[in-house]
Amino acid sequence: MGDGAKASKRAGSHLRRLPGKRPAELDPTIHERMRLGILSALAVNDVLDFKDLKGLLDATDGNLSVHARKLEEAGYLTTRKSFQGRTPRTTFRLTAAGRRALTRYLDHMEALIRAVRDE
Amino acid sequence: MSFSRPPLTGRNLDLGERASADLCFIRETMDRASAFAAVPGLGWIIMGGTALVTALAATRTGSTAEWLALWVVAAGLSATIGTSFLVHKARRVGQSLESRVGLRFFGTLVPPLVAGAALTAVFVDAGLEARLPGLWLLSYGVAVTGTGNISLKLVTWAGVVFMALGLCALAAPAALGDLWMALGFGGAHMVFGWQIARRHDG
């Protein structure tokens, strides 16, 4: 089990133990930093291309590809491949499910902070 | 029914810290990603070409009023070209001009230009038309440098160059005004426009 998944499980179980808190699990798909970064960047841009996203997140080609594919498989973003002249161009767009997942994740983080602060 | 609260442990604090760090990361990423990417490199190249032609024509004008009118018309034409290309590029890259970052871009760009226009009237009234190239380059440079903070890094450097040329124009003999205009509004626009177009998709 990866760090993200472990932390997700810990956070989820922590919330479950707190009175009045929503018993929800952290979404392991976006708990990973790179994937969280991709969704956050796409949340404020209708479309971002591979090059811009790579520069923004300081990622390598391989790393960004792998994480973008995971998000695409989860239905959180769509990928479009096209050509600009002779240069291939890959663009990403956040889906409604991706936006909902990010919002849920933000809510979850805020709830977690409140819970720890209230203790 | 009673609940037993979990003890305040280091692990719970770690979770809170991790959540705070995640929220900071999301906020920072969104801020960085909100850069206004629709600065039109191609538009800048054409604006630069317009300025070069105008600078050449300006050296042949017969009076100060004619010189001023020529540059004012060129400024209007450049503004139209720049805006058209910007709108087109924004549409192409999927960025709304009415988004928060779009509004911030215009909110940063416009005030120094308005100040420059107001001071132009003051300079003309005071008979300081020969110093207008310095004023125009400086105020345009301030506007462009400001937008660089929410836009492409290259734009910041372009703004700095405009400002430096403006200061040079104010310090140099007034007769060289058109040369500074050609270097700044012509040359700098074309050089930076070409770089923006090449690196940032038009």
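In chain A, residues 24 or more positions apart account for 52% of the contacts with a separation of 6 or more, a contact being two residues whose C-beta atoms, placed from the backbone, lie within 7 Å. In chain B the corresponding share, again among contacts with a separation of 6 or more, is 73%. The model is predicted, so that local features need pLDDT of at least 70 and side-chain atom pairs count only at pLDDT 80 or more, whereas totals for chains, interfaces and linings use all residues. Residues are numbered from 1 along each chain as its sequence is written, and chains are lettered from A and ligands numbered from 1 in the order in which they are written.

**Composition of the chains**

- Chain A contains 6 helices and 3 strands, where helices (H or I, at least four residues) and strands (E, at least two) are DSSP runs numbered from the N terminus.
- Along the sequence of chain A these elements follow the pattern α-α-α-β-α-α-β-β-α.
- Of the 119 residues in chain A, 31% are buried; a residue is buried if 20 or more other C-beta atoms lie within 10 Å of its own, exposed if 12 or fewer, and partly exposed in between, with C-beta atoms placed from the backbone.
- Chain B has 7 helices and 0 strands, and its elements from the N terminus on run α-α-α-α-α-α-α.
- Buried residues make up 42% of the 202 residues in chain B.

**The sheet of chain A**

- The 3 strands form an open sheet in the order β1-β3-β2 (chain A), with antiparallel pairing; two strands pair if DSSP finds at least two bridges between them.
- β1 (48-49) and β2 (77-84) of chain A are the edge strands, each with a single partner strand, so one side of each has no neighbour in the sheet.
- Helix α5 (residues 61-73) of chain A packs on this sheet and touches β2 and β3 of chain A, its direction making about 125 degrees with that of β2(A); such angles run from 0 to 180 degrees between N-to-C directions, and axes are lines fitted to C-alpha atoms, for helices over the stretch in contact.
- β1(A) is joined by 2 bridges to the antiparallel strand β3 (residues 87-94) of chain A, with L48(A) opposite F92(A) and D49(A) opposite T91(A).
- β2(A) and β3(A) pair in the antiparallel sense over 8 bridges, and T78(A) stands opposite R93(A) in β3(A).
- These two strands, β2(A) and β3(A), form a hairpin with 2 residues between them, and G85(A) in the turn has a positive phi of about 70 degrees.

- Helix α3 (residues 33-43) of chain A is largely enclosed by the rest of the structure, because 8 of its 11 residues are buried.
- The buried residues in α3(A) are R35(A), L36(A), G37(A), I38(A), L39(A), S40(A), A41(A) and L42(A).
- D58(A) lies in the loop between α4 (50-57) and α5 of chain A, where it is exposed, with 10 other C-beta atoms within 10 Å.
- The phi of D58(A) is near 55 degrees, a positive value in a residue other than glycine.
- Most residues other than glycine have a negative phi.

**Helix packing in chain B**

- Helix α2 (residues 41-58) and helix α3 (residues 64-93) of chain B have axes that come within 9 Å and cross at roughly 170 degrees.
- α2(B) and α3(B) are therefore roughly antiparallel to each other, since angles over 145 degrees count as roughly antiparallel, under 35 as roughly parallel, 65 to 115 as roughly perpendicular and the rest as oblique.
- The residues making this contact include L42(B), I46(B) and M47(B) of α2(B) and W67(B), L70(B) and W71(B) of α3(B).
- By class, the contact of α2(B) with α3(B) has 14 nonpolar, 5 polar and no charged residues; Ala, Val, Leu, Ile, Met, Phe, Trp, Tyr, Cys and Pro count as nonpolar, Asp, Glu, Lys and Arg as charged, and the others, Gly among them, as polar.
- α2(B) also packs with helix α7 (residues 177-199) of chain B, at an angle of about 160 degrees and with the axes 7 Å apart, and α2(B) and α7(B) are therefore roughly antiparallel to each other.
- The contact of α2(B) with α7(B) has 16 nonpolar, 7 polar and 1 charged residues.

**R32 in chain B**

- R32(B) belongs to helix α1 (residues 10-33) of chain B and is partly exposed, with 15 other C-beta atoms within 10 Å.
- R32(B) and S151(B), 119 residues apart in sequence, are 9.4 Å apart in space, C-alpha to C-alpha.
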